[in-house]
Amino acid sequence: MDTHSRYTVSLHYDRRLYRQDIAGSVAHARMLARQGIIADDEAESLVAGLEGIREEIEAESFPWREELEDVHMNIERRLFETVGDVAGKLHTARSRNDQVATDVRLYVKEVIDEALRAIHELRTAFVEKAASNRDVVMPGYTHVQRAQPVLFAHHMLAYFEMFGRDAERMRQARESADAMPLGSGAMAGVPYPIDREWVARELGFGKVSANSMDAVSDRDFLLDFHSAAATCAIHLSRLAEELVLWSSDEFGFVRLDDMYTTGSSIMPQKRNPDFAEIARGKTGRVYGNLVGLLTTLKGLPLTYNRDMQEDKEGLFDTVDTLIPTLQVAAGMVSTMEVQADRMRNAALNSYALATDVADYLVAKGMPFREAHGIVARLSKYAVESGKRLGELDLDTYRRFSDRFDEDVLSITVDSSIRARDVFGGTAPNRVEAAIEAAKAELEAEGA
């Protein structure tokens, strides 16, 4: 085919919808027979032919023909070749418009289920890593500056919550896709006594679309999926960034498994976090596919327009990007080695206890803002003296406030962590409860 002829061809990417297309056609054929629109033996012939075509495709013996443009016409032409003229009755009471919309919705529901399984696997990895490192202390960060000591398990559970929201967004996107458009025809409905509810049940849809014009032109469910995927990609990128930082010599908080690192072409000592970097980089693809579809849809009048053919390549690319990245992330987290001593030393060799010292003064009756100013000056003195707060003696503390007593010297990273004994805090008992709650949530999801 020349360039002109190939311009409208979508077969090279939409052929992956063959299972959904055949499933929709099988249900449609059976419904036509149930309603007396075609004969029972005609429906049986159509179903047998369609199932034979599915087997051919899966055996990679199907004769794909590019000149037929898309997966739908290829299957229809092959059906004529295998069952004869009765194949012409399959398209009774449907249009390519509602057929394609149905196929894509079926596909999206399936890939969301796959994405949810991958998110579940990743969330499980966070919980398991938290549970096996319950007592590990690390510095928490703001602005990539050491801020306050926390439990490493608490940090892992932050990602558990983050990806939990991603799972919820995916479930919402699945619900958005769970309306069957078949029966809408080209855009006005069909003049046959069809049973849309029966077909919806056969195909696993929870409801049927309420307006035929909206049904064939609606791609909001794809936007919902792309949006959920883009937000999930943000979280994957944030995780990847931390793994890149943490596995560097400067941090040394974790050691990534060899399976997820590569060497350098010239520096033999290198263990580059390539998988995390690629995961971080792929985020842009997912964003781009969302923006691309938004742009495609923004100027389209009702109802179907051929522009909508452009909804699929970005969809397939996001699926092929997001799900493997989730799986890789789960592998990186589950296999990484936590360097507990390095993490604890980073918390100790910092000024992460400054807030606790300020809270100490507040407990002595001082307004927090005043305490904040005193500890800011105290911290500046410690930095200039080359000492940590824990290395200062009581006389030095009392130079800044006479409210400091001997017990200020008992403030440690461990006492700081224990003090955060509020729901959602990093205190050991709270984190322990959060781990158990997370396990229960995962078990309920898997039930």
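Biologist: How many aromatic pairs does the structure hold?

Modeller: The structure holds 12 aromatic pairs. This is a predicted model, in which local features need pLDDT of at least 70 and side-chain atom pairs count only at pLDDT 80 or more, while totals for chains, interfaces and linings use all residues. Residues are numbered from 1 along each chain as its sequence is written, and side-chain values use heavy atoms, with hydrogens and water left out.

Biologist: Why is the pair of Y260 and F275 called edge-to-face?

Modeller: Rings of Phe, Tyr and Trp (its six-membered ring) pair if their centres lie within 6.5 Å; planes under 30 degrees apart are stacked, over 60 edge-to-face, and the rest tilted. The centres of Y260 and F275 are 5.4 Å apart and their planes stand at 85 degrees, so the pair is edge-to-face.

Biologist: What makes this pair of Y260 and F275 a tie between parts of the chain?

Modeller: Y260 lies in the loop between β5 (254–255) and α11 (274–297), and F275 in helix α11, so the pair ties together parts that are 15 residues apart in sequence. Helices (H or I, at least four residues) and strands (E, at least two) are DSSP runs, numbered from the N terminus.

Biologist: Why is the pair of Y381 and F400 called tilted?

Modeller: The ring centres of Y381 and F400 are 5.8 Å apart and the planes are at 55 degrees, so the pair is tilted. Y381 lies in helix α15 (residues 368–385) and F400 in helix α16 (residues 394–400), so the pair ties together parts that are 19 residues apart in sequence. Y381, at 25% relative accessibility, counts as partly exposed, and F400, at 23%, counts as partly exposed.

Biologist: How do you know that I374 is buried?

Modeller: The relative accessibility of I374 is 6%, so this residue counts as buried. I374 is found in helix α15. Leaving aside neighbours within four places in sequence, I374 is in contact (heavy atoms within 4.5 Å) with residues including F400 and F404. The C-alpha atoms of I374 and F400 are separated by 6.5 Å, although the two residues are 26 residues apart along the chain.

Biologist: Which residues do ring pairs link into a cluster?

Modeller: Ring pairs link Y141, F152, W246, F251 and F253 into a cluster.

Methods:
Buried means under 20% relative accessible area, exposed over 50%, partly exposed in between (1.4 Å probe, protein chains only).
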